Amino acid sequence: MSNKGMDYEKYNKIYLKKGVMTKSGGFVGKYGDNKDLDSKWDRYGNAFDGKESIDDIMQLKPTSMLDIGCGHNQFIKKIKQIKDIRAVGIDIACPSADFIAPAHILPFKDQSFDMIVSFDCMEHIPEEEVDLSFKEFSRVANRIYLKISLAHSKTLIDNEPVHVCVKPKEWWVEISRKYFQDTKVLLHNRKNTLWENIVLYGRK
């Protein structure tokens with residue numbers, strides 16, 4: 001298994017805006033083909049998916065934080081504006097991350113952080129690396145707050161799906177409880193089944 005992660009090349013293509021994207025709505029092509037498609041490319045890593053969770057996370061009073069799959073690090077930048085804590089972002093390929101590494105090989109010492117957060121990243125991790133990732137989360141942090149999509153994405157990069165680990169809520173809870181026994185589902189959004197997601201909160 002690569003130290004860069006199985007899907008490193010795919011996400012490196014996304015951040016370099018190379019390869020061919022197929023997107024629902026009839027968008028197909030490389031970056032620079034047309035304005036509508038380019039906006040879809042530009043969204044990757046810039047979505048700031050954690051913004052709706054900031055208040056909930058702050059109520060949990062984290063003393064330090066690591067964002068897994070941080071993209072261009074908007075969430076961590078915002079957290080630092082709100083609270084003076086050690087907060088860093090890690091991503092498999094994004095050049096704007098504080099650290100570049102896969103979720104299952106974190107370059108930190110044991111118990112380096114109070115809380116790990118992640119927003120719409122876990123479903124992008126190949127199934128073979130998910131258990132290893134949770135094991136690493138447990139090694140470097142005491143708590144997790146993970147927003148996970150339970151739905152397939154219609155986006156393909158060079159015909160490869162971006163959501164490679166689409167599993168039901170129970171599957172994610174079972175894996176989380178192996179390493180964070182006190183795992184709860186804080187949110188299970190079924191309002192739009194296309195974007196069904198959960199938020200897992202776990203502590204040792």
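Tyr145 has Tyr201 as its bridge partner in strand β11, and Tyr145 itself has its place in strand β7, strands here being DSSP runs of E of at least two residues and helices runs of H or I of at least four, both numbered from the N terminus. The model is a predicted one, in which local features need pLDDT of at least 70 and side-chain atom pairs count only at pLDDT 80 or more, whereas totals for chains, interfaces and linings use all residues. Residues are numbered from 1 along each chain as its sequence is written, and side-chain values use heavy atoms, with hydrogens and water left out.

Strand β7 belongs to an open sheet of 7 strands, ordered β5-β4-β3-β6-β7-β11-β10 and mixed in its pairing, where two strands are taken to pair if DSSP finds at least two bridges between them. At the edges of this sheet stand β5 (99–100) and β10, each with a single partner strand, so that one side of each is left without a neighbour in the sheet. Strand β7 is joined to β11 by 7 bridges, the two running antiparallel, and to β6 (residues 113–119) by 6 bridges, these two running parallel; in the latter pairing, Met115 has Arg143 of β7 as its bridge partner. Of the 9 residues of β7, 8 are buried, so the strand is largely enclosed by the rest of the structure; buried denotes a relative accessible area under 20%, exposed one over 50%, and partly exposed a value in between, with a 1.4 Å probe and protein chains only. Tyr145 is buried, with a relative accessible area of 3%, and its C-alpha atom is separated by 18 Å from that of Asp110, 35 residues apart from it along the chain.

Ser176, in helix α6 (residues 169–179), is likewise buried, at a relative accessible area of 0%. Apart from neighbours within four places in sequence, Ser176 is in contact with Phe134, Ile144, Thr183 and Leu200, contact meaning heavy atoms within 4.5 Å.

A second open sheet comprises 4 strands in the order β2-β1-β8-β9, with antiparallel pairing. Its edge strands are β2 (27–29) and β9 (160–161), each of which pairs on one side only. Strand β8 (residues 156–157) is connected to the antiparallel β9 by 2 bridges, and Leu156 stands opposite Pro161 in β9. In the loop between β8 and β9 is found Asp158, which has a positive phi of about 50° although it is not a glycine; at 30% relative accessibility, Asp158 counts as partly exposed.

Helix α2 (residues 35–43) lies across β1 (21–23), β2 and β8, and runs at about 85° to β2, the axes being lines fitted to C-alpha atoms, for helices over the stretch in contact, with angles from 0 to 180 degrees between N-to-C directions. In helix α1 (residues 8–16), the buried residues are Tyr8, Lys10, Tyr11, Asn12, Ile14 and Tyr15, and what covers them includes α2, β4 (86–91), β8 and β9. Just after α1, Lys17 takes a positive phi of about 60°. This residue is found in the loop between α1 and β1 and, at 30% relative accessibility, counts as partly exposed. Most residues other than glycine have a negative phi.

Pockets were identified on a 1 Å grid over the protein atoms alone, as open sets of points where a 1.4 Å probe fits, with protein on both sides within 12 Å along at least five of seven lines, and lining residues have an atom within 4 Å of a point. The largest pocket has a volume of about 1100 Å³, volume being the space filled by probe spheres set on the points, which are joined across faces, edges and corners. Its lining consists of 47 residues, of which Ala47, Asp49, Phe119, Asp120 and His124 lie nearest the centre. The largest share of this lining, 3 residues, comes from α1, and by class the lining has 20 nonpolar, 15 polar and 12 charged residues, where Ala, Val, Leu, Ile, Met, Phe, Trp, Tyr, Cys and Pro count as nonpolar, Asp, Glu, Lys and Arg as charged, and the others, Gly among them, as polar.

The second largest pocket holds about 190 Å³ of space, and the residues that line it include Asp49, Tyr145 and Lys147. Strands β7, β10 (182–189) and β11 (197–203) each supply at least two residues of this lining, the largest share, 3 residues, coming from β10.
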